[in-house]
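Visitor: I'm new to reading protein structures. Could you walk me through one, feature by feature?

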Amino acid sequence: MRQLTVISGKGGTGKTSLVGSFAVLAENKVIADCDVDAPDLHLLLHPEILRKQEFKGLKVAVMDKTLCTECGTCEETCRFNAIVSTEGSGYAVNPARCEGCGACVFTCPQEALSLKERVSGYAYISKTNYGTLVHAQLNIAEEASGKLVTLVRENARQIAEKEGRNLILIDGAPGIGCPVIASLTGVDLALVVAEPTMSGLHDLERILDVTRHFGIASALCINKYDINEENSKRITEFCQQRGVEIVGNIPYDPVVTEAMVAGMPVVEFSNGVVSDAIKDIWGGIK
Amino acid sequence: MIISVASGKGGTGKTTVAVNLALSLSNLQVQLLDCDVEEPNSHIFLNPVIEETKSAQTLVPTVNYELCDYCGKCAPACEYNALVVVPQKEVMVFPELCHGCGLCSLVCPQDAISEEPRKIGVIKKGWSGDGKIELVYGVLNIGEVMATPLIDQVKEELDPAKTVIIDVPPGTACPVIAAVQNTDYCILVTEPTPFGLYDLKLAIAVLRVLKLPFGVVINKAGIGDRTVYEYCAKEGIPILLEIPHDKRIARYYSEGVPFVNEMPEWEERFAGMIKKIEEYVG
């Protein structure tokens, strides 16, 4: 079974628009949206949710105010600035910052603190016109997005096995940290979507450092390559130096946004130059 | 005043707003903190002269085997499974799983666990090429999972005597919370598209949990549809500024040039935004 992750480093370069189109073009696959804190793929693929699964991420410290003597030991112990004292109401846990380590539970002389499990989000298995979509939504102000990505990928693997699919198509998150690394581990190919801006070039170098660090084969495509052809040339030269193949360039065309507004993958929405470019890219990596 | 610039969706123009806003406040002392430590970009636009580069660290446990009696209390205490005790042989530490909470050293009855720093990235401090803006940014090491401790350390450089602008990473999870917390106001940058709207709503939900006042900047105005405008009107969310989808602006962005430098009529518009924000914050 082959796994392909589409990533970018920089946000907003067109990952999800591309994955939405690949979902149309690819055969015999499972689609996985691994951008679990700001997922958008569902806006193109319109999933019908078949199964919803609770995701328990990190635990959270809970304070019993009837036992608290306001001694402040917990605040001193906490490394995550998750316990704060406010005038009038005393010490309290800020769940948005708590990483559930339990150090405060250990040090509290009054045993006023305990660790509790919390539901940090939901994973979904859904039906779409293009095949099964596995996706998730991290709850608001939660930690552990990397663990939720791992759960989505495990769901994708199980479904691919059950349904006899030979491809998992993964939409990654922006950045280079926890959720991105979780969406890359063990995949067969990372397709990097770059944009020809100075920021794009900078971010591309860092994401290619990450794929190299983890020994993951990478290929690249430049989106909106014609908005600054000089920068596109720089990206091309940089990729040649790094031995990263450029599998295609997509021109700028407002049709991509029009397709998004219509809630459709662009290759289904239009037969223009963008769709041709995406089909070529898909032909080059499938 | 401390203003954060966030978005939910990536690539909507956070850095564009943060940098151009900073450059438009020429009568104020401005400090820009780039907390997008995974992919920091503000420095590309400011050509800073870096005066100081500091190593950013978290703590990981280290075991003194002269004291360790392999009692095994540390491993089950760790919520992240970062320790494994092999009886009479070794205590294995997995630094990439460790959150640096220090609980293992607290629970060890033999005082055999101490903590040592582990480098996760660097913090760079300097001034924009024109000497007007103090810039601080973090760069997370390649392969490093946890951005939050580095973001916290960038924010320790905050100078409350200045007008501080914080460039926040995309998304809605822990790095975003670390970056926006304890700021006075948050500017949410979005684009008027379905993806922009969906992620804007998520970002707004985060800010409501944190009880932070916020307003919206619409970038690439003219593309997409009207749903972001309709949503903001319905929710009573102020639209602070619209930046049009403009070839010149896009071109300057692609070249790493802050567009207020080339289109000075925008300086007043960005500076005017601060006045609006001051009114909201009171």
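Visitor: What does the secondary structure of chain A come to?
Guide: Keep in mind that this is a predicted model. In chain A you can count eleven helices and 13 strands. Chain B has eleven helices and eleven strands.

Visitor: What box do the C-alpha atoms of chain A fill?
Guide: Taken along the principal axes, roughly 70 × 40 × 35 Å. For chain B, the C-alpha trace spans about 70 × 40 × 35 Å along its own principal axes.

Visitor: How many of the residues of chain A count as buried?
Guide: For burial, you count the C-beta atoms around a residue: 20 or more others within 10 Å makes it buried. In chain A, 56% of the 286 residues pass that test. In chain B, buried residues make up 51% of 282.

Visitor: Into which domains is chain A divided?
Guide: Domain 1 covers 2–56 + 121–285, and domain 2 covers 60–117. Going by C-alpha atoms, the centres of these two domains of chain A are 40 Å apart.

Visitor: How do I read a pair of packed helices?
Guide: Two packed helices are described by the angle between their axes and the distance between those axes. The crossing is right-handed.

Visitor: Which residues in H1(A) meet H11(A)?
Guide: From H1(A), look for Leu18(A), Ser21(A), Phe22(A) and Leu25(A); their partners in H11(A) are Ile278(A), Lys279(A) and Trp282(A). By class, this contact has five nonpolar residues, one polar and one charged.

Visitor: At what angle do helix H7 and H8(B) of chain B pack?
Guide: Helix H7 (residues 194–210) of chain B and H8(B) pack at about 30°, with their axes 9 Å apart. Angles under 35 degrees count as roughly parallel, so H7(B) and H8(B) get that label. Pro194(B), Gly196(B), Leu197(B) and Leu200(B) in H7(B) meet Thr227(B), Val228(B) and Tyr231(B) in H8(B). That contact divides into five nonpolar residues, two polar and no charged.

Visitor: Where does Asp225(B) lie?
Guide: Find the loop between strand E10 (214–221) and helix H8 (227–235) of chain B, and Asp225(B) is there. Asp225(B) counts as partly exposed because it has 17 C-beta neighbours inside 10 Å. Leaving aside neighbours within four places in sequence, Asp225(B) is in contact with Val261(A) and Pro192(B).

Visitor: How many residues does each chain give to the contact between A and B?
Guide: Chain A gives 54 residues and chain B gives 49. On chain A's side, the elements that give two or more residues are helices H4 (103–107), H5 (145–163), H6 (178–184), H7 (198–213) and H9 (255–262). H7(A) gives the most, with eight residues. By class, the side of chain A that touches chain B has 22 nonpolar, 20 polar and twelve charged residues.

Definitions and conventions: Residues numbered from 1 in each chain as written. Chains lettered and ligands numbered in written order. Predicted model: local features only at pLDDT ≥ 70, side-chain atom pairs only at ≥ 80, totals over all residues. Helix = DSSP H or I, 4+ residues; strand = E, 2+ residues; numbered from the N terminus. Buried ≥ 20, exposed ≤ 12 C-beta atoms within 10 Å, placed from the backbone. Contact = placed C-beta atoms within 7 Å. Nonpolar A, V, L, I, M, F, W, Y, C, P; charged D, E, K, R; others polar. Left-handed = near helix turned anticlockwise from the far one by under 90°. Domains from an automatic or database assignment. Axes fitted to C-alpha atoms, helices over the stretch in contact; angles between N-to-C directions. Parallel < 35°, antiparallel > 145°, perpendicular 65-115°, else oblique.
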